[in-house]
Every structure is written in C-alpha cells, then in structure tokens.
Amino acid sequence: MPVRINDDLYEQARAQAQAERRTIAGQIEFWALVGRTALDNPDLPIDFVRDLLVARAEGPTLATPFVPEGKRD
C-alpha cells in the first residue's frame, strides 16, 4: 500500500534499513512499532523498548540464559 513520506525520512530509513538488514518498508514499520509501544508504555526508556522488540523478534534461540549473580563461575 503506497504511503507518501518526507524525502528526508525516506533517506534516513534507507540508510538505517541497510545497516540493520531490513527493507525500507520494514524499517519504517519497525520505527512505527517502537513508537507505538513507547507511547503505550511511557514509563519505559525508549532504548529498553527497542531492545525488547528486537529480542522478541530474535526468539529464544539467540537468547542468553539468565544466571543469578551467586551462581556464576
């Protein structure tokens, strides 16, 4: 579905999409998801929201297991 956006925003999305290996549309969708989630959770820092969404997208196979501080080697 075509959507008109500012040329500067498009160029920023293109550069970020390339860096994060997304399509331009995928990058804009990701930004929208981060923004919507941040608005729904104003008490959370934006970096935390972004990292949480990335971690959820990666799934449990890439997750680092939690090890309580007293149990570390």
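# Helix packing and selected residues in a predicted model

Ala 38 is buried, its relative accessible area being 17%. This value, like the others below, comes from a predicted model. Ala 38 belongs to helix 2. Apart from residues up to four places away in sequence, Ala 38 touches Ile 46 and Val 49. The C-alpha atoms of Ala 38 and Phe 48 are separated by 9.3 Å, and these two residues are 10 apart along the chain.

**Helix 2 against helix 3**

Two packed helices are described by the angle between their axes and the distance between the axes. For helix 2 (residues 24–40) and helix 3 (residues 46–58), the axes come within 10 Å and cross at roughly 125°. Helix 2 is therefore oblique to helix 3. The crossing of these helices, helix 2 and helix 3, is right-handed. On the side of helix 2, the contact is made by Phe 30, Leu 33, Val 34, Thr 37 and Ala 38. On the side of helix 3, it is made by Ile 46, Val 49, Arg 50, Leu 53 and Val 54. Sorted by class, the contact of helix 2 with helix 3 comprises 8 nonpolar, 1 polar and 1 charged residues.

Thr 37 is also placed in helix 2. Its relative accessibility is 19%, and Thr 37 counts as buried because the cut-off is under 20%. The side chain of Thr 37 reaches the backbone oxygen of Leu 33 at 2.8 Å. With neighbours within four places in sequence left aside, Thr 37 is in contact with Val 49 and Leu 53. Both of these partners, Val 49 and Leu 53, are among the residues of helix 3 that make the contact with helix 2.

**Helix 1 against helix 2**

Helix 1 and helix 2 pack with their axes 8 Å apart, at an angle of about 100°. This makes helix 1 roughly perpendicular to helix 2. Helix 1 contributes Leu 9, Tyr 10, Gln 12, Ala 13, Arg 14, Gln 16 and Ala 17 to the contact, while helix 2 contributes Ile 24, Gln 27, Ile 28 and Trp 31. By class, the contact of helix 1 with helix 2 has 7 nonpolar, 3 polar and 1 charged residues.

Gln 27 lies in helix 2. Its relative accessible area is 0%, so Gln 27 is buried. Neighbours within four places in sequence aside, Gln 27 is in contact with Ala 13, Gln 16, Ala 17, Glu 20 and Arg 22.

Glu 11 is found in helix 1. Arg 21 lies in the loop between helix 1 (7–19) and helix 2. Most residues other than glycine have a negative phi. The phi of Arg 21, by contrast, is near 55°, a positive value in a residue other than glycine.

The accessibility values of the residues discussed are set out below.

| Residue | Relative accessible area | Class |
|---|---|---|
| Gln 27 | 0% | buried |
| Ala 38 | 17% | buried |
| Thr 37 | 19% | buried |
| Glu 11 | 38% | partly exposed |
| Arg 21 | 80% | exposed |

Key: Residues are numbered from 1 along each chain as its sequence is written. This is a predicted model: local features need pLDDT of at least 70, side-chain atom pairs count only at pLDDT 80 or more; totals for chains, interfaces and linings use all residues. Side-chain values use heavy atoms; hydrogens and water are left out. Axes are lines fitted to C-alpha atoms, for helices over the stretch in contact, and angles run from 0 to 180 degrees between N-to-C directions. Helices (H or I, at least four residues) and strands (E, at least two) are DSSP runs, numbered from the N terminus. Angles under 35 degrees count as roughly parallel, over 145 as roughly antiparallel, 65 to 115 as roughly perpendicular and the rest as oblique. A crossing is left-handed if the near helix is turned anticlockwise from the far one by less than a right angle, and right-handed if clockwise. Contact means heavy atoms within 4.5 Å. Ala, Val, Leu, Ile, Met, Phe, Trp, Tyr, Cys and Pro count as nonpolar, Asp, Glu, Lys and Arg as charged, and the others, Gly among them, as polar. Buried means under 20% relative accessible area, exposed over 50%, partly exposed in between (1.4 Å probe, protein chains only). A polar contact is a pair of N or O atoms within 3.5 Å; within protein, one must be able to donate a hydrogen and the other to accept it, and residues adjacent in sequence count only if both atoms are side-chain atoms.
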